[in-house]
Amino acid sequence: MTVDDWVYEAVQNLSHGHQGVSLREIQRYIDERHFEELAVDTLEISLSRLVQEGKLEEKNGRWLMAKKTSKEEALKKLFGE
């Protein structure tokens with residue numbers, strides 16, 4: 001698994017509700033589950049990449065799963081209206 005996979009897994013498993021997950025919570029999850037102590041800058045790079053890919057959303061320094069788009073919305077994004 002890559003760092004991105006671990007970060008995505010952490011957010012997926014920890015984000016219950018709409019408040020999101022903090023960087024420290026993600027760091028702790030990865031340390032406890034995968035026995036890896038990752039640096040904050042490594043996690044920030046991964047989080048940024050996942051946000052750019054549309055897999056995660058960032059709100060007020062907390063991350064949560066990106067909302068799923070419908071097929072119609074995805075086609076509009078891809079081809080325009």
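**A question to start**

Where is Asn 60 found? In this predicted model, Asn 60 sits in the loop that runs between strand S1 (56-59) and strand S2 (62-65). Its phi is positive, at about 55°, although Asn 60 is not a glycine. With a relative accessibility of 79%, Asn 60 counts as exposed, because the cut-off for that class is over 50%.

**Overall layout**

The secondary structure of the protein comes to four helices and two strands, and along the sequence these elements follow the pattern α-α-α-β-β-α. Of the 81 residues in the protein, 30% are buried. The protein exposes about 6,000 Å², of which carbon and sulfur atoms supply 49%.

**The nonpolar core**

The largest nonpolar core holds 15 residues, and the members that touch the most others are Val 7, Ile 26, Ile 30, Leu 43, Leu 47, Leu 56 and Trp 63. The elements that give two or more residues to this core are helix H1 (3-14), helix H2 (23-34) and helix H3 (40-52).

**H1 against H2**

The axes of H1 and H2 come within 9 Å of each other and cross at roughly 105°. Angles from 65 to 115 degrees count as roughly perpendicular, and therefore H1 is roughly perpendicular to H2. On the H1 side the contact is made by Trp 6, Val 7, Glu 9, Ala 10, Val 11, Asn 13 and Leu 14, while H2 provides Glu 25, Ile 26, Tyr 29, Ile 30 and His 34. By class, the residues of this contact divide into eight nonpolar, two polar and two charged.

Tyr 29, which has its place in helix H2, is one of the residues in this contact. Its relative accessibility is 7%, and because the limit for burial is under 20%, Tyr 29 counts as buried. Leaving aside neighbours within four places in sequence, Tyr 29 is in contact with Glu 9, Ala 10, Asn 13, Leu 14 and His 34. For Tyr 29 and Leu 14, the separation is 15 residues in sequence and 8.4 Å in space, taken from C-alpha to C-alpha.

**H1 against H3**

For H1 and H3, the axes come within 9 Å and cross at roughly 75°, which means that H1 is roughly perpendicular to H3. Val 3, Asp 4, Val 7 and Tyr 8 of H1 make this contact with Thr 42, Leu 43, Ser 46, Leu 47, Arg 49 and Leu 50 of H3. The residues of the contact comprise six nonpolar, two polar and two charged.

**The loop between H2 and H3**

Phe 35 lies in the loop between H2 and H3, and its phi, near 55°, is a positive value in a residue other than glycine. Is this residue, Phe 35, buried or exposed? At 69% relative accessibility, Phe 35 counts as exposed, because that value is over the 50% cut-off.

Terms used: Residues are numbered from 1 along each chain as its sequence is written. This is a predicted model: local features need pLDDT of at least 70, side-chain atom pairs count only at pLDDT 80 or more; totals for chains, interfaces and linings use all residues. Side-chain values use heavy atoms; hydrogens and water are left out. A nonpolar core is a set of buried Ala, Val, Leu, Ile, Met, Phe, Trp, Tyr and Cys residues joined through side-chain atoms within 4.5 Å. Buried means under 20% relative accessible area, exposed over 50%, partly exposed in between (1.4 Å probe, protein chains only). Axes are lines fitted to C-alpha atoms, for helices over the stretch in contact, and angles run from 0 to 180 degrees between N-to-C directions. Angles under 35 degrees count as roughly parallel, over 145 as roughly antiparallel, 65 to 115 as roughly perpendicular and the rest as oblique. Contact means heavy atoms within 4.5 Å. Ala, Val, Leu, Ile, Met, Phe, Trp, Tyr, Cys and Pro count as nonpolar, Asp, Glu, Lys and Arg as charged, and the others, Gly among them, as polar. Accessible areas come from the Shrake-Rupley method with a 1.4 Å probe; for residues, only the protein chains shown count as cover.
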